[in-house]
Amino acid sequence: GVEMNDTYVEWMVKRKTSVAMKFLKMLKWHPEGEFIMNTFKLKEMADVNSGVTVRRYIDEGSNNFKEVIVQKSIQKGRKLSDLQKMEMSSKLNERYFTVKGDILMKTPYPNDVVHISREGLVVGDRIAIIRVSDGFDSSFIAHLLDNVSVRKQLTKLTSSERIPQLSIKDLKEVELQVPDLETQKKYAKVLNLIDERIYTNYEIIDNDTRLKEGILNKLLGGD
């Protein structure tokens, strides 16, 4: 093993640098200026709609169970989780169900984003459904929407309530700088790999936290 000292820190820095270089090599990184960046408003690139007010469509006893995406299902740096199973009305409009490639954004601050790979999930309250048009890579656009430069725009657009809220109307006006489709796909491939590393690190942290709690609970005679 590597001792937790300056040598360990140096090793981690070298390791991360090595990983970054592999990513760049895989990307066949181009010098700046070899592709043109175009500016689009989100409404020019995608259909943007709000999720459903879930309580209006709860139909207890119908046995029509659906998995619902709620606020806590979307957390920065994590995969979609904590879906709520609910009995929903069969009259629920199809536009509230996820399609592969959808991007979801929480409209309350901090406007966390997730890229969807599962179909048929119900999108709940205060979540924007962003359905990207042909000619744009939805995975790349999801990464852009999570970028600090876009978040600065979102901060300016949000309301001044205790918990700032972003309206669908304002979200449509957000501007993104986007390269050509092939470049989008190339960048998305690398950024997705980095995301997988982030997800894995969070899973390790979660598992270690549960392990720590379990050890203490056993010591204290709990469950």
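**View 1. Strand 5 and strand 8 pair in the antiparallel sense.** Strand 5, residues 103-106, and strand 8, residues 127-132, run alongside each other as an antiparallel pair joined over 4 bridges. Within this pairing, M105 has A128 of strand 8 as its bridge partner. As in every view that follows, what is shown here is a predicted model.

**View 2. The protein chain as the setting for the close-ups.** The chain contains 6 helices and 9 strands, and of its 223 residues, 32% are buried.

**View 3. The largest pocket and its lining.** The largest pocket has a volume of about 640 Å³, and its lining is made up of 25 residues, with V114, H115, H143, D195 and Y199 lying nearest the centre. Strand 6, helix 3 (138-145) and helix 6 (181-219) are the elements that give two or more residues to this lining, and helix 6 provides the largest share, 8 residues. Sorted by class, the lining of the largest pocket consists of 11 nonpolar, 7 polar and 7 charged residues.

**View 4. The loop between strand 3 and strand 4, with S81 and D82.** S81 is located in the loop that runs between strand 3 (65-69) and strand 4 (84-87), and D82 is placed in this loop between strand 3 and strand 4 as well. S81 counts as partly exposed because its relative accessibility is 30%, a value that falls between the limits of 20% for buried and 50% for exposed. Leaving aside residues up to four places away in sequence, S81 touches K72 and S73, while the C-alpha atoms of S81 and V70, which are 11 residues apart along the chain, are separated by 9.3 Å. D82 has a relative accessibility of 44% and therefore counts as partly exposed; its phi is positive, at about 50°, although D82 is not a glycine.

**View 5. The cis peptide bond between Y109 and P110.** Y109 and P110 are joined by a cis peptide bond, for which omega is about 15°.

**View 6. R126 in the loop between strand 7 and strand 8.** R126 is found in the loop between strand 7 (122-123) and strand 8. The phi of R126 is near 55°, which is a positive value in a residue other than glycine. With a relative accessibility of 47%, R126 counts as partly exposed.

Notes
Residues are numbered from 1 along each chain as its sequence is written. This is a predicted model: local features need pLDDT of at least 70, side-chain atom pairs count only at pLDDT 80 or more; totals for chains, interfaces and linings use all residues. Side-chain values use heavy atoms; hydrogens and water are left out. Two strands pair if DSSP finds at least two bridges between them. On a 1 Å grid over the protein atoms alone, a cavity is a set of points where a 1.4 Å probe fits but cannot get out, and a pocket is an open set with protein on both sides within 12 Å along at least five of seven lines; lining residues have an atom within 4 Å of a point. Grid points are joined across faces, edges and corners, and a volume is the space filled by probe spheres set on the points. Ala, Val, Leu, Ile, Met, Phe, Trp, Tyr, Cys and Pro count as nonpolar, Asp, Glu, Lys and Arg as charged, and the others, Gly among them, as polar. Buried means under 20% relative accessible area, exposed over 50%, partly exposed in between (1.4 Å probe, protein chains only). Contact means heavy atoms within 4.5 Å.
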